[in-house]
Amino acid sequence: MKYQIDILRSDKTAHISYFQTFFYETDDPSENILHMLQTVSDDPAYKDRDGNLLGEIGFECSCLQKRCGACAMRINGEAKLACGARLSYYKKGRIRLEPLKKFPVVRDLIVDRSVMQDSLKKVEAFRQQEISLPKETDFLAQEASRCLQCGCCLEVCPNYLEGESFLGAAAMVPSARLVLEESPEAAEKVSKSYRKFLYEGCGKSSACQDVCPAHLPLDKLWAHANAAEVWHRKGRHKKAYE
Amino acid sequence: MKVNIIGAGLAGLSCAITLSEYGIENRLISLLPSERAQSSLAEGGINGALDTMGENDTPQDHFQDTMKGGACLNDPEAVRVLTDRAPEILSWLIRIGVPFQARDRQPVLRKFGGQKKKRTAYAKSSTGKLIMSAMISECRRWECAGLTQRFSHHRFVRLLTEPITDRWGNSAVSRADLLKSVDSRNANIAVTGVRILDTYTGSMTDFEGPVVLCSGGMGGLFPGQTTGTTLNSGSVTATVFAQGVRLGNLEMIQYHPTTMKIPGKRCLVSEAARGEGGRLFIMRDGRPWYFMDEKYPEMGSLMPRDVVSREEYMVREREDTEGSVCLDMTGIPKKAFLEKLSDLRDEIMYYLNLDPMKDPIPVEPGIHYFMGGIDVDDHHRASLKDLYAAGECCCRYHGANRLGGNSMLGALLGGRIAAESIAAESSTAKTSTHAAGQRPGHAASQAEGRTGARRFGISVSISDEKPEKLVILDPLGKKEDPALAEQVGEILQKGLGIIRDQQGMTEAEEKIKALIQQDLKTGPAAGNYEIGVPADINLCRLQLADAIVLSALERRESRGAHTRSDFPEKSDEYKKMTIAEMKNGKVQVSFRPLREEAVKG
Ligand SMILES: Cc1cc2nc3c(=O)[nH]c(=O)nc-3n(C[C@H](O)[C@H](O)[C@H](O)COP(=O)(O)OP(=O)(O)OC[C@H]3O[C@@H](n4cnc5c(N)ncnc54)[C@H](O)[C@@H]3O)c2cc1C
Ligand code: SF4
Ligand code: SF4
Ligand code: FES
């Protein structure tokens, strides 16, 4: 099948951005958008619809198997991991690729997501005290540790905007874990920032959960953390660590 | 003094955290943030004789399994330290919050290939990801305290070096001698810093200070054929090799017995699948033949990886078998499957459209790990002064074949030892908070962080560094040519398969030599090639490829991951390490004897 790909190309230093269209043919039902980008970008002779050379396309990737979060982008308007998006899913054969919109664009599909690292520093998402293992495997902690820091949740969140006080789901995940696991004294600090930068800004619309490519149980995580934090309710969860 | 760490996977993070605990400032430089490092892909688990399963496991057992798994090519002193310190590393991981699978507050351990006892701590089959999350969070403490500074989206360009001068400040050797010395006695060269390139802006910066390479394995020499990430291009190892750094055991490349082909790479089916009871078979006379169980009744499909991959290759070559080798996980109890392997099951269902709880899945061996790499000593020092290496980029613990679960351990330990050696040599280092069993408390802002740190006995020395130097142009800043990389990958894969021979390897060597000649004529370094001062990343990579093939050719025996049809037996004569070095612009391979075994008891 032949796919028409429209890709938003931009170069910050040259202050230009434009849509470029090219065609890509494959019959492999497992072919994904990231591998397609690798293939055309590595081919110095690949041409666009108008006969111009495509040249190297800017995009980030690493694992190629949905485990590292590098390749998040907008595919037909939806925030997704390109390596987890198969071309065959797009039955109409037209695919539009754009960089995530909530982050500054570096080049083509690359955006600068360092604000996510900054947010985690701002809420001081690190442990104040050492812990020991709970009585039984802590599946919720395992889930929360799987966050890819890909940024898809920030992209769809109605309440998140870079520079404003609410820091979004990506910062909430590690903080929620701390709220749940630290002892009351140690949790004091993270509790304060959890409330201020996270809980109070979140409209609980769950858009983040729907988009999360790692399928993190965000609703459940918020529910537990909020119960512990806001209503000082000791969840089953917290008890496991005492 | 600030220490420059290249790579932010497990080894890099471990080094940064330990340096910070000693109060030594460090820069954590990586192509992409830590979440994207190959360490995040590690699945099955990490080893340590914690003995929580009532099997009387000890570091000595761990030592013996590791030596045996490595076909006794490992340095016994190194393995001794690895296995003795493993319980300390695992306990530390638990304390910083890695949510391992647990029962009664103890980690549950599983069995991995080549192990006689259950020794592998795990978290489903996402162990690497969960360890990385906890390490990233631990590192953040030190970022907030101003001790660790991150440079994500930066690429390593080259080491900055200078000749070691005598005590009157004169160069110890003349320029002409120096060029020779890069090749012969590179102890005359000191690393003074590192040049990096900001991939977002294209600008280059020189940083002073010792350098710790934590840049991962050489998967990028085999594009599309490994289980790893695209970040580990092999270019760091290639560059430092051209700059005179010594490498070891390059021929030891691990093929993992269970992988599946997916677009752009091979996807690992974790050893945990076999650890929990998965068995390999192939169809023979219309019936499944469980060849591993038949040949190795004790360990079955859980033999070390080199053995399993080789057996898979051999049963497929037979005339009476048909189809591919399959992994049969249908015998694993449902509860264990859902609790311990649900993520692996999701992955298999997504890529193969098969449910491993119901159907056997086809698997193939694929390139997975590099036992060889930068040669380091007991202190993780490489062959140039003030250069260190840790993690998969270095050659230290795994001999001729790495056991599953030992590599994350080696990366964590290596990063820590490199930092400890730097601290021991540094005048500004304070007693580590870690060693003293203390941790700095709240570290809000940089300033507060510093007082906080001081309260716990660390004083942070803010170095009066010269301002960073911006570099205008360095030809090494260019990325490798993907078409050439692809071509070299095919040559290497063909010559260095699971079973090798003189003819195949000689052909590969000739092809690579021809590519080198061509590059010398037409590449960016054409005409003004200066030994020891690389100017062309493609040439560096070709020289590294050459070194791998030459190392394999020189080892005229079969041992661990290196199996030769023309020399099928293990030979005591070759119980030594292959050493590859650049001499007068050419790759040279020699051997170094192992240290005598210091086996306790
Ligand atoms: C799929 C898979 C499963 C595995 N499972 C296990 C397991 O269960 N147990 C186990 O013990 N081991 C396992 N391993 C092996 C283990 O994950 C690695 O050996 C280990 O994590 C290596 O850590 P590292 O810190 O040395 O390197 P990596 O984690 O690979 O990090 C390398 C770092 O270097 C950086 N880098 C690379 N090149 C450059 C450059 N040019 N410039 C700047 N930075 C650069 C990267 O950005 C990255 O930050 C597995 C490996 C794979 C691929
Ligand atoms: S919560 Fe999900 S969407 Fe958000 S950064 Fe983490 S993995 Fe990505
Ligand atoms: S629940 Fe809604 S408001 Fe809250 S983080 Fe998720 S998307 Fe944003
Ligand atoms: S490349 Fe890692 S998630 Fe897509």
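The model is predicted. Ligand 1 sits among residues of chain B, where B:Ser39, B:Gly44, B:Asn232, B:Glu392 and B:Met408 come nearest. Ligand 2 and ligand 3 have residues of chain A around them. Chain A is divided into two domains, domain 1 and domain 2, and chain B into domain 1, domain 2 and domain 3.

- The shell around ligand 1 holds 39 residues.
- B:Met408, one of the residues that come nearest, has a backbone N or O atom 2.7 Å from an oxygen atom of ligand 1.
- A polar backbone atom of B:Ala11 lies 2.9 Å from an oxygen atom of ligand 1.
- On the side-chain part, an N or O atom of B:Arg402 is 3.4 Å from a nitrogen atom of ligand 1.
- The protein buries 99% of the 1,000 Å² that ligand 1 exposes when taken alone.

**Ligand 1: make-up of the shell**

- In chain B, helix 1 (10-21), strand 9 (154-163), strand 20 (364-370) and helix 12 (406-425) each give at least two residues to the shell around ligand 1.
- The most comes from helix 12 of chain B, which supplies four residues.
- By class, the shell around ligand 1 has 17 nonpolar, 18 polar and four charged residues.

- The surroundings of ligand 2 include A:Cys147, A:Cys150, A:Cys152, A:Cys153 and A:Cys212.
- Also around ligand 2 are A:Leu148, A:Gln149, A:Gly151, A:Ala170, A:Pro213, A:Ala214 and A:Leu216.
- The shell around ligand 2 divides into ten nonpolar, two polar and no charged residues.
- Around ligand 3 lie residues including A:Cys157, A:Cys202 and A:Cys208, with A:Lys204 also among them.
- The shell around ligand 3 has seven nonpolar, four polar and one charged residues.

**Domains of chain A**

- Domain 1 of chain A spans 2-111 and domain 2 spans 114-241.
- Taken over C-alpha atoms, the centres of domain 1 of chain A and domain 2 of chain A are 31 Å apart.
- Each of these domains of chain A brings 14 residues to the contact.
- About 1,100 Å² is buried between domain 1 of chain A and domain 2 of chain A, and carbon and sulfur atoms give 62% of this area.
- On the side of domain 1 of chain A, A:Ala79, A:Lys102 and A:Phe103 supply 57% of the area buried against domain 2, more than any other three residues.

**Domains of chain B**

- Domain 1 of chain B is made of 3-216 and 369-455, domain 2 covers 270-362, and domain 3 covers 477-593.
- Between domain 1 of chain B and domain 2 of chain B the buried area is about 1,500 Å², with 46% from carbon and sulfur atoms.
- B:Arg110, B:Lys124 and B:Ser125 lose the most area in domain 1 of chain B to domain 2 of chain B, together 27% of what that side buries.

Definitions and conventions: Residues are numbered from 1 along each chain as its sequence is written. Chains are lettered from A and ligands numbered from 1 in the order in which they are written. This is a predicted model: local features need pLDDT of at least 70, side-chain atom pairs count only at pLDDT 80 or more; totals for chains, interfaces and linings use all residues. Side-chain values use heavy atoms; hydrogens and water are left out. A residue is near a molecule or strand if one of its heavy atoms lies within 4 Å of it. A polar contact is a pair of N or O atoms within 3.5 Å; within protein, one must be able to donate a hydrogen and the other to accept it, and residues adjacent in sequence count only if both atoms are side-chain atoms. Accessible areas come from the Shrake-Rupley method with a 1.4 Å probe; for residues, only the protein chains shown count as cover. Ala, Val, Leu, Ile, Met, Phe, Trp, Tyr, Cys and Pro count as nonpolar, Asp, Glu, Lys and Arg as charged, and the others, Gly among them, as polar. Domain bounds come from an automatic or database domain assignment. Contact means heavy atoms within 4.5 Å. Buried area is the accessible area (1.4 Å probe) that two parts lose on being put together, summed over both.
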